[in-house]
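Welcome! Take a look at the model below, and then we can walk through a few questions together.

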Amino acid sequence: MRDDPRDPRLPTSPGFWRSPLRGPRFTSVLGLVLLAGITVLFVTGLLSYAAYNPNLSPVNDKTPDKGVLGFYLFTWPTNPHWLYRLNQGVHVTLGITLIPVLLAKLWSVVPRLFALPPARSLAHALERISLLLLVGGGLFEFVTGVLNVQLDYVFPGSFYPLHFYGAWVFFAAFVAHAVLKAPTALRNLRRLREERNDLVSPRPAEPTVSRRGALWFVGGGSLLLFATTVGQNFGGPLRRTALLAPHGGAEPGSGPNGFQINKTAAYARIDPAETAGDAWRLVVTGRTGTVRLSRARLAGLALHSSALPIACVEGWSTPDQWWRGVRLRDLAALVGYEDDPPDVFVESLQRRGAFRRAALRANQVADPRSLLALYVNGEELSPDHGYPARIIVPAAPGVLNTKWVVRMTFGDL
């Protein structure tokens with residue numbers, strides 16, 4: 001005998017879900033918070049993708065089959081110099097802060113995932129499909145995002161295409177769901193008395209907390225996550241408050257090179273013999289040929305200084321560090337680009353990890369603050385910070401600030 005879907009022992013029955021907290025007003029408050037927050041997440045995520053200059057060179061493009069999804073891409077600017085730091089700080093911190101809201105929202109609507117029949121009308125079918133894509137896409141985006149922030153790359157494939165394509169699927173479902181449900185959500189918030197619908201249990205259990213208390217609980221969880229995450233965007237005492245972030249806590253060491261890094265020289269498999277003064281040469285190629293420069297010869301060129309941060313896709317960043325080295329546009333001039341510095345293709349000694357090679361746009365090369373840095377905060381770069389030379393460019397993602405540079409090729413890419 002087939003089970004009766006109305007049996008209160010089954011999740012397909014409204015009587016199975018007995019929490020007295022569920023209801024349209026409670027769900028609507030959470031939904032409107034997510035409407036604003038996820039919109040900001042989507043926009044900052046697209047901006048983060050644009051910052052990698054994926055149209056410039058295949059080495060920067062981790063989503064080569066994006067097609068029309070790259071319609072909005074533009075030349076990433078170098079001003080203000082803290083632009084990427086701000087964008088990723090907002091993206092990651094807000095994403096983590098919204099986790100309790102997302103989980104509470106999913107909990108509040110879970111009866112609808114089991115409701116029968118699956119579709120009562122075309123509008124109801126569209127709503128159910130959007131809800132399934134929304135739940136699946138939301139969990140996928142938040143889980144992969146948190147794993148990336150925590151540097152736990154346990155998901156199959158590269159984070160970049162997974163998160164990029166997942167974001168478009170999720171946001172498409174999010175927009176469809178918002179269009180279908182926003183009028184109802186606003187109507188529920190305006191009413192003093194709550195309307196009964198399929199979220200309200202027909203036989204609610206005794207309440208242990210009010211709906212207002214539940215909202216305060218969710219808000220408190222979000223505030224706690226914010227307070228234990230946001231500090232990774234700063235230096236000094238505030239960084240110590242980032243208890244949940246890999247790059248929170250104290251600065252790694254002391255002295256001029258005592259600030260956060262993502263990959264050590266050991267992780268990148270840098271052989272000290274290759275970076276020694278008598279072995280290492282920077283190969284610069286361009287319109288007029290190739291030049292090879294030792295570190296001593298680079299240090300003898302005109303040196304310039306820039307105060308710039310390092311900001312990474314995981315949301316962490318450093319305060320401005322004082323870098324000193326040769327301007328990229330001066331290196332371009334050495335190989336025939338005196339007045340019109342072009343794009344540049346940069347190669348590293350790094351043998352492990354993504355972005356062993358990277359490309360920079362002409363506007364980044366031309367900026368006078370863009371350097372091949374030899375020194376930081378008055379001392380030579382340490383091995384972990386890219387000795388003998390590294391790229392530093394204003395407003396660029398940290399992975400484009402290539403360390404252990406060995407070759408630079410100027411020209412249209």
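**Getting to know the chain**

The chain exposes about 19500 Å², with 63% of that supplied by carbon and sulfur atoms; areas come from the Shrake-Rupley method with a 1.4 Å probe, and for residues only the protein chains shown count as cover. This is a predicted model, in which local features need pLDDT of at least 70 and side-chain atom pairs count only at pLDDT 80 or more, while totals for chains, interfaces and linings use all residues. Residues are numbered from 1 along each chain as its sequence is written, and side-chain values use heavy atoms, leaving out hydrogens and water.

Q: What share of the residues of the chain counts as buried?

A: Buried means under 20% relative accessible area, exposed over 50%, and partly exposed in between (1.4 Å probe, protein chains only). The chain has 413 residues. Of these, the buried share is 50%.

Q: Is Ala104 buried or exposed?

A: Ala104 lies in helix 3, residues 99–114 (helices are DSSP runs of H or I, at least four residues, numbered from the N terminus). Because its relative accessibility is 11%, Ala104 counts as buried.

Q: Which residues is Ala104 in contact with, leaving aside its neighbours within four places in sequence?

A: Contact means heavy atoms within 4.5 Å. With those neighbours left aside, the contacts of Ala104 are Leu30 and Val218.

Q: How far apart are the C-alpha atoms of Ala104 and Pro252?

A: Along the chain, Ala104 and Pro252 are 148 residues apart.

Terms used
Helices (H or I, at least four residues) and strands (E, at least two) are DSSP runs, numbered from the N terminus.
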